[in-house]
Amino acid sequence: MAGIYIHIPFCSQFCIYCDFYSIRNKKDRIEKYIESLLCEIEQRSDFFQNSKIKPTTIYIGGGTPTLLSSDHLSKIVKSVYAQFKIDIFSQIQEFTMEANPDDLTKDYLIQLKDIGINRLSIGVQSFFDEDLLWMNRRHDSHKAIDAFFMARDCGFTNISVDLMFGFSLLTEQKLMANLERLISIRPEHLSLYQLSIEKRTLLGKSYESGEYVPLSDDICSLQYSLIQDVLSKAGYIQYEISNFSLPGKEALHNSSYWEHKPYIGFGPSAHSFDGKTRSWNCSSLSKYCSFLQVGDRCFKYENLSPRNIFNEKIMLSLRRTVGVDIEVLRDETPPEIYSLFQLQLENALKRGEVVMDGNKIKIPPDKFFISDGIIRDLMIV
């Protein structure tokens with residue numbers, strides 16, 4: 001399994017918490033960007049040749065991909081199919097695009113399906129208009145519901161919905177109401193993210209000035225436990241720290257990241273991984289375009305050491321409820337690194353931070369909220 005990620009770096013307005021690379025939407029920039037993006041796709045079309053792996057998933061994210069017209073998207077997708085010699089009908093198992101509810105119309109959704117997109121990830125975040133206004137989202141709760149059912153009517157049978165928790169406006173009662181509304185519309189996949197405060201965002205500046213007072217870790221932990229309990233009772237399976245799905249509807253593309261599989265990312269700030277080397281494009285649209293216009297590429301890379309690779313496997317694998325196979329880990333890890341890991345693993349087992357389930361090392365679900373610290377203690381520095 002391998003994936004292709006395409007970053008669309010345009011937004012019409014910026015959420016207060018978002019630190020993904022994006023810029024204000026302008027038509028002239030979109031045209032220049034697509035021209036450059038097509039150059040990068042052609043330039044790097046041999047990415048998977050050495051590994052002899054064929055891409056099986058495509059993900060268009062952002063930014064706000066739904067700001068692009070269906071003609072623009074079709075041009076990008078046709079280039080990907082042609083350059084990577086992809087048979088969309090037999091090879092691509094999952095083709096996801098992130099969607100803003102405000103941008104979805106019946107005609108546009110039908111056009112997305114015609115392009116080959118078979119899965120939508122709709123950014124709802126909350127079903128309370130006061131929360132959405134505070135987050136600086138464009139849509140309201142009614143538009144979110146309308147967009148979901150419009151997508152259903154247009155034949156999308158695999159839809160993911162994003163929801164946020166752990167922010168100051170969110171009481172337990174409001175969270176419960178959000179979850180009940182979510183369950184009532186029954187999306188196949190759910191992503192529940194705790195609000196994080198990033199320095200370069202509007203929220204980060206508000207926090208530094210003392211204007212925004214975050215919820216305590218105890219309250220956030222209680223909200224997370226409520227999410228786990230309610231969704232489990234509703235038939236959703238938690239397969240990763242922030243992700244839940246109906247049986248068999250796990251996100252294939254994101255799962256390839258957690259399984260440490262190769263992937264290629266196109267667009268400014270997009271990352272790629274070939275199994276040994278990680279690279280990332282510059283976070284500047286102007287630099288990205290100017291380099292590609294002369295047949296070059298603005299990027300940096302890192303050759304991963306055995307220790308880096310081990311730490312990434314621990315970090316990514318333990319995010320999943322299936323954990324990591326200790327025998328596979330031992331076979332793929334240099335002895336001097338694995339011996340250090342064994343000592344740390346024994347201590348984590350004694351503290352109950354991880355458990356052994358057959359050959360699998362797992363973080364218990366009731367410890368997921370503090371998983372970052374657990375994973376950090378298991379990494380080899």
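Trainee: How many bridges join strand 4 to strand 5?
Mentor: This is a predicted model. Strand 4 covers residues 57–62 and runs parallel to strand 5. The bridges joining strand 4 to strand 5 number four.

Trainee: How many of the six residues of strand 5 are buried?
Mentor: Strand 5 spans residues 94–99. Strand 5 is largely enclosed by the rest of the structure, because the number of its six residues that are buried is five.

Trainee: Where is glycine 63, which a cis peptide bond joins to glycine 62?
Mentor: Omega of the bond between glycine 62 and glycine 63 is about 20°, and the bond is cis. Glycine 63 sits in the loop between strand 4 and helix 2.

Trainee: Are helix 1 and helix 2 roughly parallel or roughly antiparallel?
Mentor: Helix 1 is residues 27–43 and helix 2 is residues 70–83. Their axes come within 9 Å and cross at roughly 10°. Angles under 35 degrees count as roughly parallel. Helix 1 and helix 2 are therefore roughly parallel.

Trainee: How many residues in the contact of helix 1 with helix 2 are nonpolar?
Mentor: Helix 1 brings Ile30, Glu31, Ile34, Leu37, Leu38, Ile41 and Glu42. Helix 2 answers with His72, Lys75, Ile76, Ser79, Val80 and Gln83. Three residues of this contact are polar and three are charged, while the nonpolar ones number seven.

Trainee: Is lysine 85 buried or exposed?
Mentor: Lysine 85 lies in the loop between helix 2 and strand 5. Its phi is positive, about 50°, although it is not a glycine. Exposed means over 50% relative accessible area. Lysine 85 has 70% relative accessibility, so it counts as exposed.

Trainee: Is histidine 260 buried or exposed?
Mentor: Histidine 260 is in the loop between helix 9 (252–258) and strand 11 (263–266). It is another residue other than glycine with a positive phi, near 65°. Buried means under 20% relative accessible area. Histidine 260 has 14% relative accessibility, so it counts as buried.

Trainee: Which elements do the buried residues of helix 8 pack against?
Mentor: The buried residues in helix 8 are Cys220, Gln223, Tyr224, Leu226, Ile227, Gln228, Val230 and Leu231. Residues three or four places apart in an α-helix point the same way, because there are 3.6 residues a turn. The buried residues of helix 8 pack against strand 7, helix 6, strand 8, strand 9 and strand 10.

Trainee: How far does helix 8 reach from its first C-alpha to its last?
Mentor: Helix 8 runs over residues 217–233, with 17 residues. Just after helix 8, glycine 235 takes a positive phi of about 95°. At 1.5 Å a residue, 24 Å is expected, and the reach of helix 8 is close to that, at 24 Å.

Trainee: What is the bridge partner of aspartate 357 in strand 17?
Mentor: Strand 17 is residues 360–362. Three bridges join it to strand 16, and the two run antiparallel. In strand 17, aspartate 357 is paired with lysine 360.

Trainee: Which residues does asparagine 359 touch, not counting residues up to four places away in sequence?
Mentor: Asparagine 359 lies in the loop between strand 16 and strand 17. It is partly exposed, with a relative accessible area of 36%. Leaving out residues up to four places away in sequence, asparagine 359 touches Val324, Asp325, Ile326 and Glu327.

Trainee: Is asparagine 311 buried or exposed?
Mentor: Asparagine 311 is in helix 11, residues 306–317. It touches Met379 and Ile380, not counting residues up to four places away in sequence. Its relative accessibility is 10%, so asparagine 311 counts as buried.

Definitions and conventions:
Residues numbered from 1 in each chain as written. Predicted model: local features only at pLDDT ≥ 70, side-chain atom pairs only at ≥ 80, totals over all residues. Heavy atoms only, no water. Pairing = 2+ DSSP bridges. Axes fitted to C-alpha atoms, helices over the stretch in contact; angles between N-to-C directions. Parallel < 35°, antiparallel > 145°, perpendicular 65-115°, else oblique. Contact = heavy atoms within 4.5 Å. Nonpolar A, V, L, I, M, F, W, Y, C, P; charged D, E, K, R; others polar. Buried < 20%, exposed > 50% of the residue type's maximum accessible area, 1.4 Å probe, protein only. Expected span 1.5 Å × (residues − 1).
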